[in-house]
Structures are given as structure tokens and as C-alpha cells.
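Please look at the sequence and the structure before reading on.

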Amino acid sequence: MSNPAGPPAVGVLDQARQLTFPPGFLWGAATAAYQIEGAATEGGRGPSIWDTFSHTPGRVVGGHTGDVACDHYHRVASDVRLMAGLGLQSYRFSVAWPRVQPTGSGAANQQGLDFYRRLVDELLAHDIEPWLTLYHWDLPQPLEDAGGWPARDTAARFADYTRLVVDALGDRVRYWTTLNEPWCSAFLGYGSGVHAPGRTAGADAVRAGHHLMLGHGLAVQALRAARPQAEVGVTVNLYPVTPATDSPADVDAARRIDGLMNRFFLDPLLRGSYPVDLREDLRQVSDFGHVRDGDLATISTDLDMVGVNYYSRHVVAAPVEARPRPETPAPSSWPGSEDVRFVTRGVPVTDMQWEIDAPGLVETLRRVHDDYTDLPLYVTENGSAFVDTVTDGEVDDVDRLAYFDAHLRAAHAAISSGVPLKGYFAWSLMDNFEWAWGYTKRFGMIHVDYDSQHRIPKSSARWYAEVIRRNGLAAQ
């Protein structure tokens, strides 16, 4: 018999005076292959664009590389025991494409697949749900040499690679993410060039973004064909974009940046189309001639879930004064809108100088749900870099703990407002190679001494373990 009063409202404090999450809410942590694995030339692994980029002088702070990183390749068993000690229910990791397919095509490298088989088996042995991401930015270098993501063929190669991974792991992995943050891959990798492969052409960035999404759609179809029961999604990094003032010029600047940051991906993936205003904004950059009949239907292949990575908010303003667009604009992550200004508000920031804006998480999740989809949502990354100090063998990272606490309260508020948020993955499980920042920025709940590889769970890790145990937060 149904309960005429309905289910208890999420957000009501229980007898223990705690803010409780719904039953079955999935608690996890996330990493990425190049950031933690190391063993860059072991087990048949080939070079990726990040190997090439990090070994190019001047590209990464301090000349740091991911050659060793956190040495996770050799420490899988002990790292999984650390996860189990935190009570993680799920672990989101990425597979390194060049470890599985060293040249980006052809037969699988079984040594590489064996590494991921060991990882998955260790996770399952500790009752931790594997959450596999197929692409977290480490394109095999031979595919970049052949044109990279601006080349259409790369999308087809991605689908082939997906089949190899699902054939090896599909019997034990339920949750699959195709891409992580395609905006970064496209617009930082091929627009501004601050990420691998370091190319700087707006038209290439636009093509790369489209072909990443095309590869996503082809990968979803490959997964569906091989494992119909798999839970398949994609992860996008989203920002609320706010005009600095309510002037029409600032409002239009926000529209433009929102188009490039958010709608460039959300609309094709979840609506099967590109926004008309976005195409007009990019008219001087690209004619979208790379979009072929049937592409958008493939890109918008039905999903089971959507992952949202959230870190901060963009506040933008119009150019100081109207000026003609130069024939050859400087390299930018914002092609067609290079002159939009990003404004700081004087609020607290992380060590990345990203503004801390927990309410923006509610805004972002509500937007995806209200404007795009009723699919289950997951926060697949959320975290912060701060300067950590080891004192008497402990790391008391109070700022990171406060960041997590505020954002989990925001996640709870989103659920209370009707958003179908089903899980949360803290970024990151451990300190790691932070892309162009090398080892100078620490996001981890677990401190890593990169010389000794000694791990120390920080205060935030112990706090998060208690949140998981209680499935909730202490009431304020």
C-alpha cells in the first residue's frame, strides 16, 4: 500500500540532527590516468599528447612531467586499500588510451588492459564500484600527428578503442563515462594552447569540440551494442556565467561566454542541435562545414546519466570599448569572443585563483535539469587546490574541508529543490600532476610526497569518510 503522506522530504533533519542524503546516494572520489599512473613507458604504453607537451620546454610549470606522477601503476593494491579505508562506494578513474592502444589504432595492448583488469578486480574485492572514464585528455600522439581531434577520423578511432575496453572490462564495470570535459580538450588544447597538444587556432578548437562529441556518440553506440545493461554517460565541466552589471553589453558578453562554455556541448549532446546564436558568434571563426548529416543524431544518442564537473563561476563584462576584431586574434580559449573581460569580485579564492561559489553548484545543476534533461545527474568532480603543510605527520586542510562542506550543502539543496542528483565524486582522491601547473597545485584529500610516494590522508579525507558513513552532514 502506498503511503498517502508521500516520502519524507529530503532535507528534513533526522533525530541525529544531520542533513541526510537520499538512500542509495553514491559517494566517490575521482582521478585521471595521466595525473596519477606514472609508468609512462612501461607495459607497452605509447606516448600521449600530454607526454609530448610536458616534455616540451616552457609548457608545464617547473618542467614537470607525468612520467612518474603518483606511481599508481605500481601501487594499485595499496591505493585501493586507502580508498576502502575512506569508505568510498565508487571510484572514478580514467583509462589511458595509449596504454591500451599505443598508436591509437589496431589491436589492444594486453599488458595495458591487464593493468585495468587488476584495478577493477581490486576495487570489486573491496566493494568499491568502478566508474570508468574512457577519455581524460591523453590522446595517443600518433593520432595527434595525423590531425588530432580536429580530424574527423579521430572520432572513429575513439569508437574502436571503446570496443577494446568494453570487451575487456564490460563484464565487471557498470558505469561508463565517454569524455571528461570536452571543453578543455577542445578550447584549451587547440584554442589557447595552454593544454596539450598546444595548438592555437580557433577553427581547430571548434572542429575538435564537434569531433569529440561525435566520438562520444559513436562510443555510446559501441557500448550499447556490446553491453546493453551498462550505465552510460558523459561528463561536462559547466560554469554559471554572470554579467558584471545588468547593462545590455555585459549581458551579451555573458551570453557569448555561456554559449562557448556550456551550450556548445549541452545543446548538441542533449538537444541534437547547435544554438543559432552560438553559430553566429563563431561565424568569423568557422562555417561549421565539418558538421555532416547525421552527426547531431549520433552525438545526441540517448544516455543514462549526465556527469557535471563544477568548480567556480565566470563573471564577465563587455570590452572596455568597442574595437574592430583583428584579422588574426591572439590565441584564446574563447574564439570569436576574445575581447570579453573576465571580472574578479574580491571573494575568497582557491590556490588556483578560482572564486569559491558554492551556490553556483545549485544553479548549475538546476539549469541542466530544468532546461535540458530529466536524466540522473552526478557531480563527477568538485574540489579545490590549497597550499598544504605537513606538520607532525598530519595535514590539517581546513580550507579544503570547508570547501567540500559548502558544496555538499549546495548539492543537498539542489536535491531538495527536485534535481535528480544521484552521487558525488570528490576531486581528487590524491594530490597529483595538475596539468600545466605540474606538481605545484594540490587538490587531493590524500597528501602525496612526490619524492618518497608516501601518502597521508588529510583532515578532509577523514571528514569525508565520516560524511560517507553517516550519508549526511552535521546540521549547522
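## Cysteines, barrel and core

In the whole structure, a search finds zero disulfides, a disulfide being a pair of cysteine sulfur atoms within 2.5 Å. The model is predicted: local features need pLDDT of at least 70 and side-chain atom pairs count only at pLDDT 80 or more, while totals for chains, interfaces and linings use all residues. Residues are numbered from 1 along each chain as its sequence is written, and side-chain values use heavy atoms, with hydrogens and water left out.

The sulfur of Cys70 is too far for a bond, because the closest cysteine sulfur, in Cys184, is 19 Å away. Cys184 is likewise in no disulfide.

| Residue | Relative accessible area | Class |
|---|---|---|
| Cys70 | 0% | buried |
| Cys184 | 7% | buried |
| Phe115 | 0% | buried |

Helices (H or I, at least four residues) and strands (E, at least two) are DSSP runs, numbered from the N terminus. Eight strands close into a barrel in the order 2-3-4-5-6-8-11-14, with parallel pairing; two strands pair if DSSP finds at least two bridges between them. From one strand to the next, the twist averages 25°. Strands of a sheet pair through backbone hydrogen bonds.

Helix 7 (residues 153–169) lies across strand 4 (129–135) and strand 5 (175–180), at about 160° to strand 4. Helix 9 (residues 202–226) lies across strands 4, 5 and 6, at about 165° to strand 5. Axes are lines fitted to C-alpha atoms, for helices over the stretch in contact, and angles run from 0 to 180 degrees between N-to-C directions.

The largest nonpolar core has 145 residues, and among those touching the most other members are Trp50 and Trp176. Such a core is a set of buried Ala, Val, Leu, Ile, Met, Phe, Trp, Tyr and Cys residues joined through side-chain atoms within 4.5 Å. Beyond its neighbours within four places in sequence, Trp176 is in contact (heavy atoms within 4.5 Å) with residues including Leu132, Val165, Leu223, Val232 and Met305.

Phe115 lies in helix 5 (residues 110–125). Apart from neighbours within four places in sequence, Phe115 is in contact with Glu37, His72, Tyr73, Val76 and Arg99.

Technical notes
Buried means under 20% relative accessible area, exposed over 50%, partly exposed in between (1.4 Å probe, protein chains only).
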